[in-house]
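Q: I would like to learn how to read a protein model feature by feature. Could we go slowly, taking the general idea before each case?

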Amino acid sequence: MENSTFRIAVRKFGPFETAMQQLWDAFCLKNDISIAVEMVPMELHDLYEQTISEGGLKKGDWDIAHINTDWIFDAAKANAVQDLTSFIAKKAPQDFPQGWHNSLLHLQEIEGGIYGLPFHDGPECLIYRKDLFENPIEKENFKKQYGYELAPPKTWTEFEQIATFFNRPGENLYGCVFANYPDGHNMVFDFCLHLWTRGGSLINNENRVNVNTSAAIDTLDYYRYIVKKTDAVHPGSIDFGSVEAGIAFSKGEAAMTINWFGFASMSDVIAESKVKGKVDVTTLPFAEGGKTASLNVYWLYTIGTGSKNKQLAYDFLRFATTAESDKLLTNEGGIGCRKSTWKDPEINATIPYYHKLESLHENALTLPQIAVWPDIAILIDQMVLTALKTDIPSADLLKNTQIEIEKIL
């Protein structure tokens, strides 16, 4: 091995960090090797900068990196991540590819190459406190106030009413919690989900990104309204990323949240959770004329094209993606990607809704797979943030954003 230290760029999240260290230690023990490893946890923006923008993967600064599927097309086009096809042909991962759902295999398959292996999954869904929704007193009071049975919301109107009903600042309980920190991801994902559940699309008939539509106006109008609804929303939402919003939910501070599936399971796994056994998940609400939708963005293990330790890196990836390793990640609070983990009796005993992952994937849509998507995502993120902080009409914001998108395209 040419480099004295093997370096891994890790998405900053406690369960990822502990699982990765355990996997590396087990890998070294199994293979009777002693190699120094440096795992560097990073927030989303820093991870993208270090690995792709600044060429860290290409230059050999990183042997392995967690890359999400928003970035993988960009990374492959920049020759930053290694095509694993030849490695897989010689020695494929356990049960590859049938061990995974098809929706977790195609985004990293680009122009005949395979540029990563699934690491962490969990489509967006509605996460809610089933203990609150099933409480007889809450059900009785809700029906008296709104005239229908309390149940997980099917429509955005019901979502708003339920969030308002459960908003009790004096008890440190809020109706819902959002992730509004402007990192180029959270609010972009929310915008897309609200757009899709209103029957809209990011792509026009000419297969180009277009946000200047009537459905997008309805989306932005509603989103800027709901997230600023102080009698329904956790006040920390404006500063929360998805991780912080997930932690707030696990602390029992919200009745509902729209977030990645992983933050539901985290609430049933981590020791500090105050809502263990009280959580469930379901599909997202929708507006009139729309239907439920989910977003499929997942994390990958990738190998840098500049790595001097590619065979060792691939050997570790094979080890880290076995059924046993996938289950370990899940027990730490991440989301395993294998179908065997989703159906595992022990996992479902701890997380009773884990088997729902397969059905959630059936409604999961994906973001446009184009090299400039990260730049477009930043424009959408800035647009939503401006909508939250100003009174500029949504139609004007969308029109101006589309002009900037056209410049990029």
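A: Let us begin with aromatic rings: rings of Phe, Tyr and Trp (its six-membered ring) pair if their centres lie within 6.5 Å, and planes under 30 degrees apart count as stacked, over 60 as edge-to-face and the rest as tilted. With that rule in hand, Tyr 128, Phe 133, Phe 142, Tyr 146, Tyr 148, Phe 165 and Phe 166 form one aromatic cluster. Please keep in mind that this is a predicted model, in which local features need pLDDT of at least 70, side-chain atom pairs count only at pLDDT 80 or more, and totals for chains, interfaces and linings use all residues. Residues are numbered from 1 along each chain as its sequence is written, and side-chain values use heavy atoms, with hydrogens and water left out.

Q: How many aromatic pairs does the rule give, and what kind of pair do Trp 71 and Trp 299 form?

A: A pair of aromatic rings is described by the distance of the centres and the angle of the planes. The rule gives 27 aromatic pairs here. One of them joins Trp 71 and Trp 299 in an edge-to-face arrangement, with 5.7 Å from centre to centre and 85 degrees between the planes. This pair links distant parts of the chain, since Trp 71 lies in the loop between β3 and α4 (72–77) while Trp 299 belongs to strand β12, 228 residues apart. Such names follow a convention: helices (H or I, at least four residues) and strands (E, at least two) are DSSP runs, numbered from the N terminus.

Q: Are Trp 71 and Trp 299 buried or exposed?

A: Buried means under 20% relative accessible area, exposed over 50%, and partly exposed in between (1.4 Å probe, protein chains only). Trp 71 counts as buried because its relative accessibility is 3%, and Trp 299 counts as buried at 10%.

Q: Which kind of pair do Phe 87 and Tyr 314 make?

A: The ring centres of Phe 87 and Tyr 314 are 5.2 Å apart and their planes stand at 35 degrees, so this pair is tilted. Because Phe 87 lies in helix α5 (residues 85–90) and Tyr 314 in helix α13 (residues 310–320), the pair ties together parts that are 227 residues apart in sequence. Phe 87 is buried at 14% relative accessible area, and Tyr 314 is buried at 2%.

Q: Where does the charged end of Arg 168 sit?

A: A charge sits over a ring if NZ of Lys or CZ of Arg is within 6 Å of the ring centre and within 35 degrees of the ring normal. The charged end of Arg 168 sits over the ring of Phe 165, 5.2 Å from its centre, and Arg 338 lies over the face of Trp 100, at 4.2 Å from the ring centre.

Q: What is the strand order in the open sheet of 4 strands?

A: Strands of a sheet pair through backbone hydrogen bonds, either parallel or antiparallel. For counting, two strands pair if DSSP finds at least two bridges between them. This open sheet of 4 strands has the order β8-β9-β7-β10, with mixed pairing, and its edge strands are β8 (174–177) and β10, each of which pairs on one side only. β8 and strand β9 (residues 254–260) are parallel over 3 bridges, whereas β7 and β9 run antiparallel and are joined by 5 bridges. Leu 126 stands opposite Ile 258 in β9. β7 is also joined to β10 by 4 bridges, again running antiparallel, and the bridge partner of Ile 127 in β10 is Val 281.

Q: Why is β7 described as largely enclosed?

A: 6 of the 6 residues of β7 are buried, so this strand is largely enclosed by the rest of the structure. Both faces are covered, with Glu 124, Leu 126 and Tyr 128 buried on one side and Cys 125, Ile 127 and Arg 129 buried on the other.

Q: Which residues of helix α2 are buried?

A: An α-helix has 3.6 residues a turn, so residues three or four places apart point the same way. In helix α2 (residues 44–53) the buried residues are Leu 44, Leu 47, Tyr 48, Thr 51 and Ile 52. Seen down the axis of α2, these buried residues fall within an arc of 95 degrees (the arc of the directions from the helix axis to the C-beta atoms), so they line one face of the helix.
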